[in-house]
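Please keep the sequence and the structure in view while reading.

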Amino acid sequence: MIRLERASLRYGDILGLSPTSFELPDGGGITGLLGPNGAGKSSLIQLLSGLLPPSGGEVGIFGESPFRNPAVLTRIGLVPEGDRFPVGLNGTRWLRMMGELSGLTGSALDESIQRALVAVGMETRAQLGFSSMSKGMRQRIRMAQALLHDPDLLILDEPFNGLDPEARLNLMELMRNLALGGKRIIVSSHILGEVAQLTDRILLLFRGRLLAEGSVAEIRELLDRHPVELRIASEAARQVARWAVEQDELVALRMEDGAAVLAVRNPRDFLPRLQDAVVTGQLPLRALDPLDLNLDAVFQYLTKDHA
Amino acid sequence: MSTHAIPTPFQTLSAVARGYLPRVMQARGWVLAALPVLPIGLFLALTTILKVQGERIPPALYLSAFHVVLAKFMLPIMALVAAPAGIREDIEQRTIPLMLARPSTIWMLPFGKGVLWFGWGALWLVVACAGLLALGSSPEAFFYQAAALVLTYWAVLAFMSLLGLVFKRGTLWGALYLFIWDPLVRIFPGNLQRITFVHYLESIAGTRSTEVAASQLLAQEQISTPVGLAILVLIVFGLGCWALCGWKLQATPLGLAGSESEG
Amino acid sequence: MPIYAPSLPPRPELTDGSHPITVLTRFDLMRVIKRKVGFFIFGFIFLTILLIELIVLWGKYLINTSAGFKGFKDMANTILTQGADYQAGLIDWWLLVPLWFMMAFMVGGLISRDSLYRIRPLIYAHPVRPQDYISSKGLTAFLIPMVVMLPFALVPWGLSVAMAGASGPIWATAPLYLLPAAMVIALLMAAVTLGASAMASSPRASFGWVLGIVLGTSALGGVFTATLSNKQWMAMSPYFLVQAWPQLICRVSDPLLKWLPTLAGTLGHIALWTWIAVVRTKPSEAVL
């Protein structure tokens, strides 16, 4: 369905995306594009959505190059980043134009607009002008335009920016339902927690390079290769430290005020033993803070290695 | 799998023109309408006052209104007002990626927006020309004057839109062309006059502006182009510019940031 | 945890450092000068015009002094302007039209750029009064056309004096006429450009506003002139006013406009556009 073969993108002298290869199979599902600002997420999205041709390599969507290719574009829905809309238009009219530009006409167009507006919860407010809409409402309209033509591939660039928590949850729910219905969704974000809640597969980008690819669990496996920091608060921090130095996984240890900070490998093996020690009263534990046992940690480790 | 038809060039044109229709009814559209109509309204008001006071109305006042006001000032200003509202506006507002990511006929997008602003401007140019009838113009002159203004507006708007797509500072180049090149070169010898818009405008209108005094030193006998040929030149030139606009947009990769990649 | 007293440096006195007008003007001048494309385009245009003026001056000198050009003398005197017309022609429409474009393109963004990027609230958060702000903008907008016109008022004159002293083609006293004219022109251009810039929402829009005001008032003047058969109505337009000033001050025999309409038009435009610029840049307008 989606195949990149050493696809790269340059902006003049600046390399937006290094030669990148990956493949996403047919069928529904959500893929997260993760990376900090400037990692190359938008570059990749512009290649996938056919806005820009690759500077090198090949991009294949549904077996064809998407750049200026109506046969491919008719199956793609794009929600770009940013809060830009044509001045002086209202939501309904703009959606109508976007639908017509996707080949929809007559009653099919009316039904598509209605269906898309219902999906994003804007069926009663779409006739407002863009200048009268809140940022969240405009984001929903932007989502609606991408759903209008029932695309097989939905590409969303930072879709949660500016949304309140409820709208975020609604959007996540919508994306999950679409994915269950057989749509392939690619969603970019630099907030790892958002993607972790949503996706079954992530592509990790950093400084224009694809660092890692896999499911969240697979990415977490990478964690085992790197030491993870745990802060164990205890009235007997020295006792905790004594216990810790006997463990094979310990890499580093430092003492803080009323706590021991351990750096350990293979937390999956280490944590159950720590749990046993606490339960049996061997270790008086007040609090356990996994300082970096989440996707952020994966990200930090991987990017640190490549920085 | 979605199985929508790919829109034809005409469907693209229709979608864009109808989609942006409300824009001409907003501030910029009314400014565009006022540009030709207000001065003619002022002419009519002043002549009415003069008539009431029993004063003499200057002869051939409609020719001054046509050449000095409409052709020399208002038509170029109209093009400067309308052209940036075309596809250039979508590029500057960065809304163009949303259109480019659709399976529409991309080369038709500039014309789709341009034809809307052309139609609206042309309508008010004709209304302004109708006002010239009250200033003493004849129905026959009205036909040629309206045709001259509308067709020149067609060509100038297309030219300005093209400059806006080719250059970052297209408005500056367009303004320099219209307000320096055109008035200067129209009095140059022989066929050089044919590379100005005003030459064709005057050839179709059948009358000339007498204002060449600023450059008497350079002033040459002005040549004419047959009306039919002048009409053809303006139509073809306009079509050519729109075609180049379409080609430019089709061939230029425009990303989300509005910048071009190396491709 | 101890809380330490702030260790910020003492607040400077309002009298310390440069005056805000100086600081802002210097900043704006550098910003305008750094616009390389505009600098190149208009620099090329003005240098070409100056070169043509110097060539004409050289030609006039040769025609009047060289025996070899005796045969051309009568013809040359017919086609080239003479006397007061020639002095006034050193700052004529062919310099002033590109100068309007330059003002629209390079100076038009002085206020509108601040509006677009919401800079004014940040400026007013410092000890800068609205009159400091508008004065600095006015000074910048005045200095730039002045700097462009100065060579036209002085270089041909210097060449003429160097070639033939007081009997050269250009009057020995020409700068006494041309410099005041240039100052009035610069003042009028600055006022119109700032007013337009204050009304526009972006530098690009300012370009349109400046040209719109200049050309729109010209068209308006044209309507009155044609209908009332009196060309003094052209004094409604800054485009014609700036052309009239060198002619009036150099006392050409048939100036474009007479003294009274020129004075009234100039004062009217300066007052109107300055007022608009002041009103539109008041702190109340500068909300984040």
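The points below are grouped by topic, from the confidence of the model to the contacts between its chains.

The structure is a predicted model. The predictor assigns the complex an ipTM of 0.86 and a pTM of 0.81. Chain A contains 11 helices and 13 strands, whereas chain C has 12 helices and zero strands.

**Confidence in chain C**

- The average pLDDT of chain C is 87, and 90% of the residues score at least 70.
- Among the elements of chain C, the highest mean pLDDT, 96, belongs to helix 12 (residues 259-280) of chain C.
- The lowest mean pLDDT among these elements, 67, belongs to helix 3 (residues 70-79) of chain C.

**Chain A as a whole**

- The C-alpha trace of chain A spans about 75 × 45 × 35 Å along its principal axes.
- Chain A has 307 residues, and 42% of them are buried.
- When contacts in chain A between residues at least 6 apart in sequence are considered, 67% join residues at least 24 apart.

**An open sheet in chain A**

- Three strands of chain A form an open sheet in the order 2-1-4, with antiparallel pairing.
- Strand 2 (14-24) and strand 4 (56-61) of chain A each have a single partner strand and stand at the edges, so one side of each is left without a neighbour in the sheet.
- From one strand to the next, the twist averages 25 degrees.
- Strands of a sheet pair through backbone hydrogen bonds, in either a parallel or an antiparallel sense.
- Strand 1 (residues 2-11) of chain A runs antiparallel to strand 2 of chain A, and seven bridges join the two.
- A:Leu9 has A:Leu17, in strand 2 of chain A, as its bridge partner.
- Helix 1 (residues 41-48) of chain A lies across strand 1, strand 2 and strand 4 of chain A. This helix 1 of chain A runs at about 120 degrees to strand 1 of chain A.

**Strands 10 and 12 of chain A**

- Six bridges pair strand 10 of chain A with strand 12 (residues 259-264) of chain A in the antiparallel sense.
- A:Val264, in strand 12 of chain A, is the bridge partner of A:Val228.
- In a regular strand, the side chains alternate between the two faces of the sheet.
- Strand 10 (residues 228-233) of chain A has a covered face made of A:Val228, A:Leu230 and A:Ile232.
- The uncovered face of strand 10 of chain A consists of A:Glu229, A:Arg231 and A:Ala233.

**The helices of chain C**

- Read along the sequence, chain C follows the pattern α-α-α-α-α-α-α-α-α-α-α-α.
- Chain C has 288 residues, of which 45% count as buried.
- Of the contacts in chain C with a separation of 6 or more, 76% involve residues 24 or more positions apart.

**Nonpolar cores**

- The largest nonpolar core has 223 residues, and B:Ala65, B:Tyr153 and B:Leu157 touch the most other members.
- Helix 4 (residues 61-82) of chain B provides the largest share of this core, with 17 residues.
- Apart from its neighbours within four places in sequence, B:Leu157 is in contact with B:Ala79, B:Ala82, B:Ala83, B:Gly114, B:Trp117 and B:Phe118.
- A second, separate core has 10 residues, among them A:Val240, A:Ala244, A:Ala259 and A:Ala260.

**Where chain B meets chain A**

- In this contact, 36 residues come from chain B and 44 residues from chain A.
- On the side of chain B that touches chain A, the elements giving two or more residues are helix 1 (9-19), helix 2 (21-24) and helix 6 (96-100) of chain B.
- Helix 1 of chain B gives the most to this side, with five residues.
- The side of chain B that touches chain A comprises 17 nonpolar, 14 polar and five charged residues.

**Where chain C meets chain B**

- This contact draws 21 residues from chain C and 22 residues from chain B.
- Helix 5 (93-107) and helix 10 (203-228) of chain C each supply at least two residues to the side of chain C that touches chain B.
- The largest share of this side, 15 residues, comes from helix 10 of chain C.
- By class, the side of chain C that touches chain B holds 13 nonpolar, seven polar and one charged residues.

Note on methods. Residues are numbered from 1 along each chain as its sequence is written. Chains are lettered from A and ligands numbered from 1 in the order in which they are written. This is a predicted model: local features need pLDDT of at least 70, side-chain atom pairs count only at pLDDT 80 or more; totals for chains, interfaces and linings use all residues. Two residues are in contact if their C-beta atoms, placed from the backbone, lie within 7 Å. Helices (H or I, at least four residues) and strands (E, at least two) are DSSP runs, numbered from the N terminus. Ala, Val, Leu, Ile, Met, Phe, Trp, Tyr, Cys and Pro count as nonpolar, Asp, Glu, Lys and Arg as charged, and the others, Gly among them, as polar. pLDDT is the predictor's confidence in each residue, from 0 to 100. A nonpolar core is a set of buried Ala, Val, Leu, Ile, Met, Phe, Trp, Tyr and Cys residues joined through C-beta atoms within 7 Å. A residue is buried if 20 or more other C-beta atoms lie within 10 Å of its own, exposed if 12 or fewer, and partly exposed in between; C-beta atoms are placed from the backbone. Two strands pair if DSSP finds at least two bridges between them. Axes are lines fitted to C-alpha atoms, for helices over the stretch in contact, and angles run from 0 to 180 degrees between N-to-C directions.
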